[in-house]
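Here is a short tour to read alongside your own view of the model. Please keep the sequence and structure open as you go.

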Amino acid sequence: MSRFVLGALALIGAGWTMSARAADLYGSRAPYTVNQPLNAYSWAGPYLGGNLGYAWGSVANNPTKPSGFVGGVQAGYNWQNGAWVFGVEGDIQATGAEETFAPWKFSNPWFGTVRGRAGYALNNVLLFGTGGLAFGELRATTFGLSESHTNAGWTLGVGAEMGFAPNWSAKVEYLYVDLANSNFVITGASNGYRFGLIRAGVNYRF
């Protein structure tokens, strides 16, 4: 009996030691602490990902309506307090948005945004709004002549993101982007590009 008791005590002691080591190891791999219930999905920390989508819009003072597929990368950082999540995100996109009408062709080869994000987390589902700075190229072509301007503007949008693994999440979002007008010599007008964008993406959280 005494051997059994001693063996049981030894097993209990070993279990406590292993639990303490596991807690230390987990703590060393989870530096982003948040004020949230135990076992809740954590949105805190840095992330990096990619996206694909479709943009459609119109050019100010011109009948063209450029549209096309969009793809790019994004990176950001989140802070979390309970169910509330706040963050910053930047992205850069290559686009095929273009249209030709009569002698005019307008295209938007690329654009980017730098935005704030604020949302409410339902465990592994995050609903958010976003807005900030937008910038990108608007290119006009007519009769073999081409002119490009890089315009700055603003963007607003909404979206939802779902964590499907400890380090992975998928999102879908809508953005409205306004690239402000600038004067084009070859059109003799002030042209800018305003468009809607819907895209889906995947993020990896570090």
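Predicted model: local features only at pLDDT ≥ 70, side-chain atom pairs only at ≥ 80, totals over all residues.

Residues are numbered from 1 along each chain as its sequence is written, and side-chain values use heavy atoms, with hydrogens and water left out.

**Loop asparagines**

- Asn61 sits in the loop between β1 (45–59) and β2 (67–81); strands are DSSP runs of E with at least two residues, numbered from the N terminus.
- The phi of Asn61 is near 60 degrees, a positive value for a residue that is not glycine.
- Asn61 counts as exposed because its relative accessibility is 59% (exposed is over 50% relative accessible area, buried under 20%, partly exposed in between, with a 1.4 Å probe and protein chains only).
- In the loop between β4 (104–122) and β5 (125–142) you will find Asn123, whose phi is positive too, near 60 degrees, in a residue other than glycine.
- Asn123 has 42% relative accessibility, so it counts as partly exposed.

**Nonpolar surface patch**

- Leu48, Met162, Phe164, Trp168, Val202, Tyr204 and Phe206 make a nonpolar surface patch of about 680 Å².
- Two or more residues of the nonpolar patch come from each of β6 (145–165) and β8 (189–205).
- Accessible areas come from the Shrake-Rupley method with a 1.4 Å probe, and for residues only the protein chains shown count as cover.
- Leu48 belongs to strand β1 and, with a relative accessible area of 47%, is partly exposed.

Notes: Helix = DSSP H or I, 4+ residues; strand = E, 2+ residues; numbered from the N terminus. Patch = residues over 30% accessible without salt bridge, like charges linked within 9 Å, V, L, I, M, F, W, Y side chains within 5 Å. Salt bridge = Lys/Arg side-chain N within 4 Å of Asp/Glu carboxyl O.
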